[in-house]
Amino acid sequence: MPNSPSDRSAAARRVAVQRKGPLLMEGPVEVELEDGSVVTSDRFRVALCTCRRSRRYPWCDTSHRDRA
């Protein structure tokens, strides 16, 4: 069975949730956007924007940080 729970857990990725920051994921990743398009990153760690301020959305560009 190709999509059994044991197959999915073998391919599981760790996601770190930060209160005021991006989702940090172990890569590589594929992200499906609202319009159905898919973007990919083959980096070993990926930061996904959660605030939607990023100019590189869905990738975080640190636009969420307070500027002094």
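Modeller: Let's start at Arg52, which is partly exposed, with 49% relative accessibility. Keep in mind that this is a predicted model. Arg52 forms a salt bridge with Glu34, and the closest N and O atoms of the pair are 3.2 Å apart. Arg52 belongs to the segment after β5, while Glu34 is in the loop between β3 and β4 (38-41), so the pair ties together parts that are 18 residues apart in sequence. Glu34 itself counts as exposed, at 74% relative accessibility.

How many salt bridges are there by this rule? The count is 2. The other one to look at joins the side chains of Arg14 and Glu26, with 3.8 Å from N to O. Here the Arg14 end is in the loop between α1 (5-10) and β1, and the Glu26 end is in strand β2, so this pair links parts of the chain that are 12 residues apart in sequence. Arg14 is exposed because its relative accessibility is 61%. Glu26, at 32%, is partly exposed. As for why such pairs turn up, side chains of opposite charge can pair when their charged atoms come close.

Stay with Glu26 for a moment. Leaving aside neighbours within four places in sequence, Glu26 is in contact with Arg13, Arg14 and Phe44. Glu26 and Arg13 are 13 residues apart along the chain, and their C-alpha atoms are separated by 5.8 Å.

Glu26 sits in strand β2, which is a handy way into the sheet. β2 (residues 23-26) pairs with β5 in the antiparallel sense, over 4 bridges. In general, strands of a sheet pair through backbone hydrogen bonds, either parallel or antiparallel. Along this pairing, Met25 stands opposite Val46 in β5, and Leu23 stands opposite Leu48. Zoom out and you have an open sheet of 3 strands in the order β1-β2-β5, with antiparallel pairing. Its edge strands are β1 (15-16) and β5, each of which pairs on one side only.

Now look at β5 itself, residues 45-48. Which of its residues are on the covered face, and which on the uncovered one? Val46 and Leu48 make up the covered face, whereas Arg45 and Ala47 are on the uncovered one.

How many does a search of the whole structure find? The search finds 0. Cys49 is in no disulfide, and the nearest cysteine sulfur, that of Cys51, is 3.8 Å away. Cys60 is likewise in no disulfide; for Cys60 the nearest cysteine sulfur is that of Cys49, 5.7 Å away. As a reminder, a disulfide is a covalent bond between the sulfur atoms of two cysteines. Cys49 counts as buried, since its relative accessibility is 9%, and Cys60 is also buried, at 16%.

One more residue from the segment after β5 is His64. Is His64 buried or exposed? His64 counts as buried because 19% relative accessibility is under the 20% cut-off. Apart from neighbours within four places in sequence, His64 is in contact with Cys51 and Arg53, plus Lys20, Gly21 and Pro22.

To place all this in the whole chain: there are 1 helix and 5 strands, running α-β-β-β-β-β from the N terminus on. Of the 68 residues, 25% count as buried. Among contacts with a separation of 6 or more, 19% come from residues 24 or more positions apart. The chain's accessible surface is about 5,700 Å², and carbon and sulfur atoms account for 47% of that.

Terms used: Residues numbered from 1 in each chain as written. Predicted model: local features only at pLDDT ≥ 70, side-chain atom pairs only at ≥ 80, totals over all residues. Heavy atoms only, no water. Buried < 20%, exposed > 50% of the residue type's maximum accessible area, 1.4 Å probe, protein only. Helix = DSSP H or I, 4+ residues; strand = E, 2+ residues; numbered from the N terminus. Pairing = 2+ DSSP bridges. Contact = heavy atoms within 4.5 Å. Disulfide = S-S within 2.5 Å. Salt bridge = Lys/Arg side-chain N within 4 Å of Asp/Glu carboxyl O. Areas by Shrake-Rupley, 256 points an atom, 1.4 Å probe, with all protein chains shown as cover.
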